[in-house]
Amino acid sequence: MAEQPLNGAFYGPSVPPPAPKGYFRRPGHSRGCGCCLLSFVVKVIIAIIVILGIAALIFWLIVRPRAIKFHVTEASLTRFEHTSPDNILRYNLALTVPVRNPNKRIGVYYDRIDAHAYYDGKRFSSTTLAPFYQGHKNTTVLRPMFQGQNLVMFNAGELRTYNEESIAGVYNIEIKFRLRVRFKLGDLKSRRVKPKVNCEDIRLPLSTFNGTTTSATVLPLKCDFDF
């Protein structure tokens, strides 16, 4: 069959213009660069984590940091009276609390020590103790005293608990210490932190009680130290 001559417009695919001289486009080049950058960032992050972990392990092996230890070794409750009409609680409580720093290389600055006394979840007295510095492997004895009177409102259940414990001659007291401390390692000092110390479920007999008290807490009592 003879070919027909081409005359008129030709509607076929357009012919792309020639690429500039020296230009070569690599398929997926930009995506490959992005993957390489992401892989590099991930490797850097992993390396930093590994280095920090090794540094922390070396620090722990050298310093061996240990928690400060609080114990209640002595307690004296000579007055604990609550009067119904005016809801006034009159109290006289004294404690002996040795604080032990068991660390060989870390000293502790106690910049502030607040001691709070609670009964049945209600705070009835507070006192602030003198700040001090505690050296390595050292024990310092705190002697917080709570004496006076304060307004304490009891609901029906709390008043029933108080009356029952008055008959038994033993009261469930809780002591909380709120601290502001700094740690010292060589010439370095840490920033101030605020640990909490709770001495819970201290069942104290009233010293003026004439009956038999068998449910009192056996001292010493270890307190919980928590950041």
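Helices in these legends are DSSP runs of H or I with at least four residues, strands are DSSP runs of E with at least two, and both are numbered from the N terminus. The model shown in every view is predicted.

**View 1. The protein chain is drawn with its 2 helices and 13 strands.** Of the 227 residues of this chain, 30% count as buried.

**View 2. Helix 2 spans residues 156–168 and carries buried residues along one face.** The helix has 13 residues and reaches 19 Å from its first C-alpha to its last, which is close to the 18 Å expected at 1.5 Å a residue. Glu158, Tyr162 and Glu165 are buried in helix 2, and, seen down the axis, the buried residues of the helix fall within an arc of 70°, so they line one face. In general, an α-helix has 3.6 residues a turn, so residues three or four places apart point the same way. The face of helix 2 that is turned away from the buried side carries the exposed residues Ala156, Glu164 and Ile167. Packing against the buried residues of helix 2 are strand 2 (74–83), strand 4 (106–119), strand 5 (122–129), strand 9 (170–185) and strand 11.

**View 3. The two ends of helix 2 are shown with asparagine 155 at the start and glycine 169 following the helix.** At the start of helix 2, a side-chain oxygen of asparagine 155 comes to within 3.1 Å of the backbone nitrogen of glycine 157. Beyond the other end, glycine 169 follows the helix with a positive phi, near 80°.

**View 4. Glutamate 165 lies in helix 2 and makes a polar contact with tyrosine 119.** Glutamate 165 has a relative accessibility of 11% and, because buried means under 20%, counts as buried. The polar contact that joins the side chains of glutamate 165 and tyrosine 119 has a length of 2.9 Å. If neighbours within four places in sequence are left aside, glutamate 165 is in contact with Tyr119, Val170, Tyr171, Asn172 and Arg203.

**View 5. A disulfide joins cysteine 199 and cysteine 223.** The sulfur atoms of these two cysteines are 2.0 Å apart, and the count of disulfides comes to 1. The torsion about the S-S bond is about 105°, so the disulfide is right-handed. Cysteine 199 lies in strand 11 (residues 196–205), whereas cysteine 223 lies in the loop between strand 12 (221–222) and strand 13 (224–226), so the pair ties together parts that are 24 residues apart in sequence. Cysteine 199 and cysteine 223 are both buried, whereas cysteine 36, with a relative accessibility of 54%, counts as exposed.

**View 6. Strand 1 (residues 69–72) has side chains that alternate between two faces.**

**View 7. A cis peptide bond joins leucine 219 and proline 220.** Omega of this bond is about 10°, and proline 220 is placed in the loop between strand 11 and strand 12.

**View 8. Aspartate 120 and aspartate 201 each have a positive phi although neither is a glycine.** For aspartate 120, which lies in the loop between strand 4 and strand 5, phi is near 55°. With a relative accessible area of 37%, aspartate 120 is partly exposed. For aspartate 201, which is found in strand 11, phi is about 55°. Aspartate 201 has a relative accessibility of 52% and, because exposed means over 50%, counts as exposed.

Terms used:
Residues are numbered from 1 along each chain as its sequence is written. Side-chain values use heavy atoms; hydrogens and water are left out. A disulfide is a pair of cysteine sulfur atoms within 2.5 Å. Buried means under 20% relative accessible area, exposed over 50%, partly exposed in between (1.4 Å probe, protein chains only). The expected span of a helix is 1.5 Å times one less than its number of residues. The arc is that of the directions from the helix axis to the C-beta atoms. Contact means heavy atoms within 4.5 Å. A polar contact is a pair of N or O atoms within 3.5 Å; within protein, one must be able to donate a hydrogen and the other to accept it, and residues adjacent in sequence count only if both atoms are side-chain atoms.
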